[in-house]
Amino acid sequence: MMLYFSGLSVALALALVPSYIDALKDGECEVCVGFLDRFRQSLEDNDVKFDSDTIEKEILKACKEAKGKENRFCYYIGATSDAATKIINEVSKPMSYHVPVEKICEKLKKKDSQICELKYDKQVDLSTVDLKKLKVKDLKKILEEWGESCKGCVEKSDFIRKINELMPKYAPNAAKARTDL
């Protein structure tokens, strides 16, 4: 009987201790945390009223301009026109109460685990990378990030030429640092 009570008291103690299992690990939910951090900062910089409705409208505006993984994040929370579900209020309400973005992302993770599986693509250091060693897919991605395309590009060398041509416009520091131009 005594063993039963000691087991019961251990179980009760564990139940009362705050759970750190749900806490985000370092680097987890990086798109969610990154996007919401910048979003909150833009709200503060523009002196936007921190109420749920205003935040929701601002999220929709911010998501119209989001690209890549951030656009996918917006889709998951229902802030894009083609989204199937709508859980924007899971962001706007807590944010209106000034809940930290990490906590908001933890709650979103419970609703949809895909949100925390999003990771930013690794950025290529254009000042040091040998473009000839990159895959065509990566070269296309560089142009896509710049909002450019390469009409008529067939060979890898065509994409490299286009990137070198546009680099002073989109990555001027990298263009100056390159010695192979």
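User: How many aromatic pairs does the structure hold?

Analyst: Keep in mind that this is a predicted model. A pair of aromatic rings is described by the distance of the centres and the angle of the planes. On that basis, the number of aromatic pairs held here is four.

User: Take Phe-35 and Phe-39: is that pair stacked or edge-to-face?

Analyst: Their ring centres are 6.5 Å apart, with the planes at 5 degrees. Planes under 30 degrees apart count as stacked. So the pair of Phe-35 and Phe-39 is stacked.

User: Where do Phe-35 and Phe-39 sit, and about how many helical turns separate them?

Analyst: Both belong to helix H2, which covers residues 30-45. Because they are four residues apart in that helix, the separation comes to about one helical turn.

User: Which ring does the charged end of Arg-72 sit over, and at what distance from its centre?

Analyst: The ring belongs to Tyr-75. The cut-off for the charge-to-centre distance is 6 Å, and for Arg-72 the value is 4.7 Å.

User: What's the volume of the largest pocket, and which elements give two or more residues to its lining?

Analyst: The volume is about 400 Å³. The lining includes Lys-69, Glu-70, Lys-141 and Glu-144. The elements giving two or more residues are helix H4 (68-77) and helix H8 (136-145).

User: How many residues of that lining are charged?

Analyst: Among the lining residues are Lys-67, Asp-121 and Glu-145. The lining divides into one nonpolar residue, two polar ones and, for the charged group, seven.

User: What's the phi of Cys-29, and is the residue buried or exposed?

Analyst: Most residues other than glycine have a negative phi. Cys-29, in the loop between helix H1 (2-16) and H2, has a positive phi near 60 degrees. Its relative accessible area is 0%, so Cys-29 is buried.

User: And Asp-47: what's its phi, and is it buried or exposed?

Analyst: Asp-47 lies in the loop between H2 and helix H3 (52-65). Its phi is positive as well, near 50 degrees, in a residue other than glycine. Exposed means over 50% relative accessible area; Asp-47 is at 70%, so it counts as exposed.

Conventions
Residues numbered from 1 in each chain as written. Predicted model: local features only at pLDDT ≥ 70, side-chain atom pairs only at ≥ 80, totals over all residues. Heavy atoms only, no water. Phe/Tyr/Trp six-rings, centres within 6.5 Å; stacked < 30°, edge-to-face > 60°. Lys NZ or Arg CZ within 6 Å of the ring centre and 35° of its normal. 1 Å grid on protein atoms, 1.4 Å probe; cavity = no way out; pocket = protein on both sides within 12 Å on 5 of 7 lines; lining within 4 Å. Points joined across faces, edges and corners; volume = space filled by probe spheres on them. Nonpolar A, V, L, I, M, F, W, Y, C, P; charged D, E, K, R; others polar. Buried < 20%, exposed > 50% of the residue type's maximum accessible area, 1.4 Å probe, protein only.
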